[in-house]
Amino acid sequence: MSATYLLRAVNADGTETNRGTGWYLRDTLVVTAGHVVTADDGVWLGDSFQGLTYRLYAESTEPVDLTPLAVDIEADAALLQAPTPASSAAVLELAPRSAPARDERWYSYGFPAFHDEKPFPLTGSITDSASRIAADALALNLNQGTRVQWGGVSGSPVLISDQVVGIITRVTDNTDTGWAAPAAAIRRLERFCAAVSFRDELAARVATLYAIASGLA
């Protein structure tokens with residue numbers, strides 16, 4: 001069973017603004033490519049289109065509406081929150097911090113528009129691996145070639161030995177080359193979300209303590 005899912009940005013009238021591939025990093029935390037859910041300037045599509053919903057289509061369950069959390073424009077990666085823990089969805093694991101080596105074989109499942117909303121297998125090899133955290137840090141050879149439009153595979157995890165080493169950000173037209181941000185970009189986003197959550201929780205506790213001390217609660 002594929003551990004990736006179709007992710008669509010859907011307008012209030014049901015039309016699709018954008019699509020990509022999403023997957024679970026935690027039981028309520030979903031990863032996709034940044035440009036799937038934001039504009040070029042990093043503004044969430046939901047802030048530009050009234051009534052727009054980010055919706056994840058998992059197998060054998062009702063679609064899940066997601067809440068945006070954080071986006072990294074440089075790495076073209078985004079995190080969104082599911083309202084409840086996924087009951088049947090698979091959760092993927094990030095690979096150790098070392099970057100994948102050249103010529104290592106990778107695989108994935110994505111949701112290109114031509115494949116009728118079904119997961120499509122992708123395979124290839126790592127052709128270059130840079131140490132920076134950026135959308136093009138990993139260069140990928142794509143065995144499936146470029147005779148089709150690959151729109152929709154953005155956000156797919158780059159997997160080696162069932163662990164995520166990166167996230168597909170784009171496929172270059174008319175070549176068999178794709179690009180991916182490293183797993184470090186996802187770690188950085190998750191740390192950012194944790195820090196914001198801690199800050200907000202701390203602020204709420206301080207406010208409550210102040211209210212109690214002031215006799216307001």
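In what sense do strand E5 (residues 64-72) and E6 pair, and over how many bridges? Please describe the surroundings of E6 as well.

Author: This is a predicted model, in which local features need pLDDT of at least 70 and side-chain atom pairs count only at pLDDT 80 or more, while totals for chains, interfaces and linings use all residues. Residues are numbered from 1 along each chain as its sequence is written, and side-chain values use heavy atoms, with hydrogens and water left out.

Strands E5 and E6 pair in the antiparallel sense, over 5 bridges. Strands (E) are DSSP runs of at least two residues, numbered from the N terminus, and two strands pair if DSSP finds at least two bridges between them. Within this pairing, Pro68 stands opposite Leu80 of E6. The two strands E5 and E6 form a hairpin with 4 residues between them. In the turn, Asp76 has a positive phi of about 55°.

Strand E6, which spans residues 77-81, is also joined to strand E3 (residues 29-33). E3 and E6 run antiparallel and are joined by 5 bridges. Here Thr32 has Ala78 in E6 as its bridge partner.

Buried means under 20% relative accessible area, exposed means over 50%, and partly exposed lies in between, with a 1.4 Å probe and protein chains only.
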